[in-house]
Amino acid sequence: MINLEIIPFMIVSLIMIISSILVVKAKDVVHCAFACVVSMLSVAGFYVLLNAQFMAVVQILVYVGGIGVMILFAVMLTGRGQEVE
Amino acid sequence: MIIYDEIMYWLVLIFAESHPYSDWIRGILGGLVIGAVFGGALVMVYLERKFLGDIQSRIGPNRVGGRYGVLQLIADAIKLFTKEDIIPANADKWLFIGAPIVALTSGFLMVAVLPFDYLLINGSYYAVNVTRMDISILYLEAVSGLAVFAIFMAGWGSGSKYSMLGGFRNIAKMIGYEIPLGISIISVAIMAQSLDIVEIVEAQDFLWNIIIHPLAFIVFGICLIADVGRIPFDQTESEEEIIAGWATEYSGMRWGLAFFAEYLHAVVGSFMVALIFLGGWNGLPIVGNLYIPGIFWLIIKTIMVIMFFIWTRAALPRYRIDQVVDLGWKCLLPLSLLCLVWSTIIGLVFG
């Protein structure tokens, strides 16, 4: 019998891998920033799966709520439509 | 009495987490709680329209559903559902569609750790909530921060200047207000010596935190109104300057969901104020519960906080965005640090 914990682990890792690829590959810089936020959130998901709730919450507070917002704050100052066609 | 004993037996099994189906039953409880908070948000919308009408010497909704317009909200919902769902040609489709979903997700995640009552079963106490966490108050703070992304997604994804201004304003405001919000919560947690919201409520069974620590209540209240984005701080969607801000391009039920997420946030925020500062399910200070079940006390307090929110909306004008950012950094942040000092002193003297 397989361990049922592998299912949420697979889902979270899939989300994390896809979003991490998108951080590098996405065309729009805002999409990159949001993909970065999603990959940080899925790291919090890993912490929850490892029964480390405090780490998960701090991950969300610091990386998503702090650094993610700062990245978006920087992106919002760059303006839209400046990328080379 | 046999039925009563049976119910108590089941409650012990569920909330003491010794039952094999405990997780499933808690899941069902979670569904019920989400429904209840949804209902609470509906009640808040109705109360707001009626109460605002009273304050402004109007009648408010009075056509649908009898003299008091009780069914007005259902009529509004039908109207929203039948409207055309427009996605602007200039929009960033993924962000535009995702924004209301993220907003609602943030609200629903917050509901998961809210405790509602405290049951005395066989001489020991059990909290009624969906998930018992050691760090529930940090969790609430972290998850409520996700709503910032929703508004930014809506603002950026709409592809309109007004929406983008709304989203920018939201981020500029929230960077300043999340910090005092967090510090004022932490200063209360220091007094209770726990990050668990259940233990913070337990610590208030004699005196409420608003009496011991009024400064933290003021800072938390102001930051919460800014966090939820209600009127003295609703620069993100000010109708007169930037035409509803981030919500400009939304129509139909997408707008309805975003709007509803905001009210959900406000209801959960009022629950947080009632739990953290107004004693939660404990009755009046010193006197105690007066034989009324705790959940009624909690609901009464929550409704009072909601009424306070609506009253501030009617009574106060909207600030300019630079004034709001100034208030956050120059006034609320030092005050919240003072809160931390105050709670440390109380902890040292009486702790």
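## What helix 10 of chain B packs against

In this predicted model, the buried residues of helix 10 of chain B pack against helix 5 (136-144), helix 7 (161-192), helix 9 (209-212), helix 12 (252-276), helix 13 (294-315) and helix 14 (321-350) of chain B. Helices here are DSSP runs (H or I, at least four residues), strands are E runs of at least two, and both are numbered from the N terminus. "Buried" means 20 or more other C-beta atoms within 10 Å of a residue's own, "exposed" means 12 or fewer, and "partly exposed" is in between, with C-beta atoms placed from the backbone.

By that count, 11 of the 15 residues of helix 10 of chain B are buried, so the helix is mostly covered. Among them are B:F217, B:F220, B:I222, B:C223 and B:L224, along with B:D227.

## The ends of helix 10

B:P214 is part of helix 10 of chain B. B:P214 counts as partly exposed because it has 13 C-beta neighbours inside 10 Å. B:P214 and B:F277 are 63 residues apart in sequence, yet C-alpha to C-alpha they are 8.7 Å apart in space. Just after helix 10 of chain B comes B:G229, with a positive phi of about 80°.

## Helices 7 and 14 of chain B

Two of the helices that helix 10 packs against also pair up with each other. The axes of helix 7 and helix 14 of chain B come within 8 Å and cross at roughly 10°. (Axes are lines fitted to C-alpha atoms, for helices over the stretch in contact, with angles from 0 to 180 degrees between N-to-C directions.) Helix 7 and helix 14 of chain B are therefore roughly parallel, a label for angles under 35 degrees.

The residues of that contact divide into 18 nonpolar, 8 polar and 2 charged. Nonpolar covers Ala, Val, Leu, Ile, Met, Phe, Trp, Tyr, Cys and Pro; charged covers Asp, Glu, Lys and Arg; the others, Gly among them, are polar.

## Chain B as a whole

Chain B has 14 helices and 2 strands. Of its 351 residues, 43% count as buried.

## Where chain A meets chain B

Here 12 residues of chain A are in contact with 15 residues of chain B, contact being C-beta atoms, placed from the backbone, within 7 Å. Helix 3 of chain A gives the most to its side, with 10 residues. That side of chain A has 10 nonpolar, 2 polar and no charged residues.

## Two loop residues with positive phi

Most residues other than glycine have a negative phi. A:N51, in the loop between helix 2 (29-49) and helix 3 (53-76) of chain A, has a positive phi of about 65°. A:N51 is exposed, with 8 other C-beta atoms within 10 Å.

In chain B, the phi of B:S57 is positive too, near 55°. B:S57 is in the loop between helix 2 (22-55) and helix 3 (72-82) of chain B, and is exposed, with 6 other C-beta atoms within 10 Å.

## Numbering and confidence

Residues are numbered from 1 along each chain as its sequence is written, with chains lettered from A and ligands numbered from 1 in the order in which they are written. Because the model is predicted, local features need pLDDT of at least 70 and side-chain atom pairs count only at pLDDT 80 or more, while totals for chains, interfaces and linings use all residues.

Note on methods. Angles under 35 degrees count as roughly parallel, over 145 as roughly antiparallel, 65 to 115 as roughly perpendicular and the rest as oblique.
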